[in-house]
Amino acid sequence: MKVNKKLGMMTMALSLSGLLVACGEDEAMNNDTNMNDQMEETMDGNDHAGMDRSGSGDVPEGLKSAENPTFAVGDTAVITEAHMPGMEGAEATIVGAYDTVVYSISYDPMHGGERVEDHKWIIHEEIEDATQAPYKVGDEVDVEAEHMTGMGGTTATIDSAEKTTVYMVDFTLESGEDVTNHKWVTEAELAAP
């Protein structure tokens, strides 16, 4: 009787183990499929395919609001650059204006895939353990921001650096998709409507 009970328990344990392994394989396959989809989007030449178009209104600790921005919170402005398809020419509503140093960066995504070149923008406060002084072109930094899939946690090379006012904006793409709390556009990328 004890042998049958032990045998039954062992059989049940093995069955559950097999079920858990099978579930884990399915999840791994789903994760691999999602990662492959993201990599294919990047390889298709659309460097911003993995961009988080809408974000929270949260800003990094220590970021200071601009005292006299050209565009105040609530103002509208026209976006003159395209960080993503359908963005250039869109009318934006200013959600936040901040004085900081803005950087364009190049990095290898955490999930693999092609290197992202000259990504615009991250700000000084989105760099891990940032120094007091601004970084210079060619410096390597650890990125905290996750503006695009696979960006956060990478080591990036600074391609450009500029002290300016950056804006968080809401706008609608040409496709009709609403984008909220987009980080970041620079003052030079906005024009009066």
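**View 1. Lysine 120, a partly exposed residue, and its partners.** Lysine 120 counts as partly exposed, at 30% relative accessibility. As in every view below, the model shown is predicted. The side chain of lysine 120 meets that of aspartate 118 in a salt bridge, with 2.9 Å from N to O. Aspartate 118 is itself partly exposed, at 35% relative accessibility. The charged end of lysine 120 also sits over the ring of tryptophan 121, 5.8 Å from the ring centre. Lysine 120 and tryptophan 121 are joined by a cis peptide bond, with omega about 10°. Tryptophan 121 belongs to strand E4, residues 116–123, and aspartate 118 is placed in strand E4 as well. Aspartate 118 has a phi near 55°, a positive value in a residue other than glycine.

**View 2. Salt bridges at arginine 115.** The structure holds 3 salt bridges. One of them is formed by the side chains of aspartate 108 and arginine 115, at 3.2 Å from N to O. Arginine 115 forms another with glutamate 117, where the closest N and O atoms are 3.5 Å apart. What do these shared partners make of Asp108, Arg115 and Glu117? Salt bridges that share partners join Asp108, Arg115 and Glu117 into one network.

**View 3. The aromatic pair of tyrosine 98 and tryptophan 184.** The count of aromatic pairs comes to 3. In one of them, tyrosine 98 and tryptophan 184 pair edge-to-face, with 5.8 Å from centre to centre and 80° between the planes. The label edge-to-face applies because the angle of the planes is over 60 degrees. Tyrosine 98 lies in strand E3 (residues 91–107) and tryptophan 184 in strand E7 (residues 178–186), so the pair ties together parts that are 86 residues apart in sequence. Are the two residues of this pair, tyrosine 98 and tryptophan 184, buried or exposed? Tyrosine 98 is buried, with a relative accessible area of 9%, and tryptophan 184 is buried, with a relative accessible area of 0%. The peptide bond that leads from lysine 183 into tryptophan 184 is cis, with omega near 0°.

View 4. Glycine 55 is found in the loop between helix H1 (2–43) and strand E1 (64–65). The residue is partly exposed, with a relative accessible area of 32%. Which residues does glycine 55 contact, leaving aside its neighbours within four places in sequence? The contacts of glycine 55 are with Thr180 and Asn181. Asparagine 181 is placed in strand E7 and is buried, with a relative accessible area of 18%. Phi of asparagine 181 is near 50°, a positive value in a residue other than glycine. Glycine 55 and lysine 183 are 128 residues apart in sequence, yet their C-alpha atoms are 7.7 Å apart in space.

View 5. The largest nonpolar core has 17 residues. Those with the most contacts inside this core are Ile79, Met87, Tyr167, Val169, Phe171 and Leu190. Strand E2 (76–79), E3, strand E6 (155–172) and E7 each supply at least two residues of the core. Not counting residues up to four places away in sequence, isoleucine 79 touches Met87, Glu88, Gly89, Ala90, Ala92, Phe171, Glu189 and Leu190. A second, separate core has 15 residues, among them Tyr103, Ile105, Val116 and Ala156.

**View 6. Overview of the protein for the close-up views.** The secondary structure comes to 1 helix and 8 strands. Along the sequence, these elements follow the pattern α-β-β-β-β-β-β-β-β. How many of the 193 residues, as a percentage, count as buried? The buried share is 35%. The protein exposes about 11100 Å², and carbon and sulfur atoms supply 51% of this area. Of the contacts between residues at least 6 apart in sequence, 60% join residues at least 24 apart.

Conventions:
Residues numbered from 1 in each chain as written. Predicted model: local features only at pLDDT ≥ 70, side-chain atom pairs only at ≥ 80, totals over all residues. Heavy atoms only, no water. Phe/Tyr/Trp six-rings, centres within 6.5 Å; stacked < 30°, edge-to-face > 60°. Helix = DSSP H or I, 4+ residues; strand = E, 2+ residues; numbered from the N terminus. Buried < 20%, exposed > 50% of the residue type's maximum accessible area, 1.4 Å probe, protein only. Lys NZ or Arg CZ within 6 Å of the ring centre and 35° of its normal. Salt bridge = Lys/Arg side-chain N within 4 Å of Asp/Glu carboxyl O. Contact = heavy atoms within 4.5 Å. Areas by Shrake-Rupley, 256 points an atom, 1.4 Å probe, with all protein chains shown as cover. Core = buried A, V, L, I, M, F, W, Y, C linked by side-chain atoms within 4.5 Å.
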